[in-house]
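Biologist: I am new to this one. Could you take me through the fold?

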Amino acid sequence: MPMNRPVATALAAALCLLTAACGSSSDGKAGDATAEAAAPKTGYPVTLDNCGQKETFDKAPGRVVVMNGASVAEVSTLLALGLGDRIVANQQTYGNSEVPGRAEAIEKLPDGGVEQNDAFDVPRETMIGLRPDLVLSTTAYGFDEKNGFATRDQLKDAGARSYVSPQGCDQDTSKMTLADSYRLLRDMGKVFNVSDKAEELITASEKKIAAVADKVKGEKKPKVMVLFSNMSMGGNDFSSVVAKGIYNDILAEAGGANAFENASEGSFADLSKEKVAATDVDALVVIGYNDPDPAAYAEKLLKEFPQWPAARNSTYVTLSDSMYLGPSNDLAVEKIARMLHPDAL
C-alpha cells in the first residue's frame, strides 16, 4: 500500500504543515480588515496583511513562481482567474482534475527548469535566479530558510512579494474550511486587479453548493472514509486517512460525515489496519495525488474490508483537486452528494 519512498518523502516534506508550527494564522486578524479597508476597491496600491507581514502591490505581478507544497490550490486559483500567462515557474500538480482541461493546462505551464532540492521544492538560489515578482506557497514551510528556501525577507530584498495561502501561516490545515478557498480567490483577485472575476467564481460556487446542500438536507449522513490513494505518511498501514480540515466541510455540505473525524487532532490520522477494520464505513472518497488509477486502489480497499457497508454496495468516488483548497470545491460537493444520496439529486 505505501507509495514509492521518494514520492512519499516528498509529500511528507511538503506536508510538514500537518504537524509543525511557524507562526500565527492569517485569518481573522484585525490587520486584515484594516489593510482591506485602506486599499481602494479597484486599482493599486493593494496591501495584504499575510501571516502578519504586509505585502503591498503597486501593479499586477507578471513573473509568478508557484511552489509545490503538495497542493494545486494556488496554480488552480490563478488558472481559474485567467492568470496562467503570469506564471514563469510552477511546481504544483495532482496529475488529474475534476475540471475539464485543467490538468492539461497545468502540465503546459513552464516549470522554470527547476531542479528541486532535498525538500522537494525550489532552492533559494534557483528562486532568486527566476527573478519573480510574486512567490506563492501553500504554507510558511515554503519560506523556511532551514529547508533551503528563500525567506520572505530575502525575496523582498530581491524585489519579490510573497504570499502564504489561508491556514498556511501556522501550517495547521485541520482548521481549513470552504471559506479559505474563497479567501484565496479574493486575495488573488485583489493582487491582480481581477476582483470581479473572483467574486463571480465565488458566487457561482456558493450557489451550487447551497443547491446541493438543500437537496440532501434532512437525509441520514453516511459515514465516509476519506484518504489519499497509494500513499504513506506515517508508521501504520493507513497514514493518509483524513481526520479534519476542509474535507469535512465538503462532506457536511454533501450530506455525509467523516468516519474518522475523531481519530486525530490533526488533519490526518495514522491508523492500524485493525482500527480501520473495526469502523463502519458506508462510503469511500479516494483522492488521487499523482496516482493514475485511484479507482483500482478503491476497489482493492473494498475487497480488503468486505464487512464494510461500502464494500457490500461498492460505494466510492475518486476525486483529486476539488477535495482540497482551491476554486473547485463545488464539484467535490456535488460528486460526493450524488454518491451518498442518488435519489435526492
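This is a predicted model: local features need pLDDT of at least 70, side-chain atom pairs count only at pLDDT 80 or more; totals for chains, interfaces and linings use all residues.

Biologist: In what order do the 4 strands of the open sheet come?

Modeller: The order is β4-β3-β5-β6, with parallel pairing. Helices (H or I, at least four residues) and strands (E, at least two) are DSSP runs, numbered from the N terminus. Two strands count as paired if DSSP finds at least two bridges between them.

Biologist: Which strands stand at the edges?

Modeller: β4 (87-90) and β6 (161-164) do; each has a single partner strand, so one side of each lacks a neighbour in the sheet. On average, neighbouring strands of this sheet are turned by 15° against each other, direction ignored. Axes here are lines fitted to C-alpha atoms, for helices over the stretch in contact, and angles run from 0 to 180 degrees between N-to-C directions.

Biologist: And over how many bridges do β3 and β5 pair?

Modeller: Strand β3 (residues 64-66) pairs with strand β5 (residues 134-137) over 3 bridges, in the parallel sense. V65 has V135 in β5 as its bridge partner. On to the next pair: β5 and β6 are joined in the parallel sense over 4 bridges, and L136 stands opposite Y163 in β6.

Biologist: What sort of unit do β5, helix α6 and β6 make?

Modeller: Together with helix α6 (residues 152-157), β5 and β6 form a right-handed β-α-β unit. Right-handed means that, with the strands pointing away from the viewer, the path from the first strand over the helix to the second runs clockwise.

Biologist: Which strands does helix α3 lie across?

Modeller: Helix α3 (residues 73-80) lies across β3, β4 and β5, at about 140° to β3. Helix α7 (residues 178-191) lies across β5 and β6, at about 165° to β6.

Biologist: At roughly what angle do the axes of α3 and α7 cross?

Modeller: They cross at roughly 55° and come within 10 Å. That makes α3 oblique to α7, because angles under 35 degrees count as roughly parallel, over 145 as roughly antiparallel, 65 to 115 as roughly perpendicular and the rest as oblique. The crossing of α3 and α7 is right-handed: a crossing is left-handed if the near helix is turned anticlockwise from the far one by less than a right angle, and right-handed if clockwise.

Biologist: Which residues of α3 and α7 meet there?

Modeller: A73, E74, T77 and L78 in α3 meet L184, L185 and M188 in α7, where contact means heavy atoms within 4.5 Å. By class, the residues of this contact of α3 with α7 are 5 nonpolar, 1 polar and 1 charged. Ala, Val, Leu, Ile, Met, Phe, Trp, Tyr, Cys and Pro count as nonpolar, Asp, Glu, Lys and Arg as charged, and the others, Gly among them, as polar.

Biologist: How far apart are the axes of α7 and α8?

Modeller: The axes of α7 and α8 are 7 Å apart, and the helices pack at an angle of about 160°. They are therefore roughly antiparallel to each other, and α7 passes α8 in a right-handed crossing.

Biologist: What about α8 and α13: at roughly what angle do their axes cross?

Modeller: Helix α8 (residues 195-216) and helix α13 (residues 329-340) have axes that come within 9 Å and cross at roughly 20°. α8 and α13 are therefore roughly parallel to each other. Their crossing is left-handed.

Biologist: Changing topic, which residues does the cis peptide bond join?

Modeller: Y44 and P45, with omega about 5°. P45 is in the loop between α2 (30-38) and β1 (46-50).

Biologist: And where does F120 lie?

Modeller: F120 is in the loop between α4 (102-108) and α5 (124-129). Its phi is near 60°, a positive value in a residue other than glycine.

Methods: Residues are numbered from 1 along each chain as its sequence is written. Side-chain values use heavy atoms; hydrogens and water are left out.
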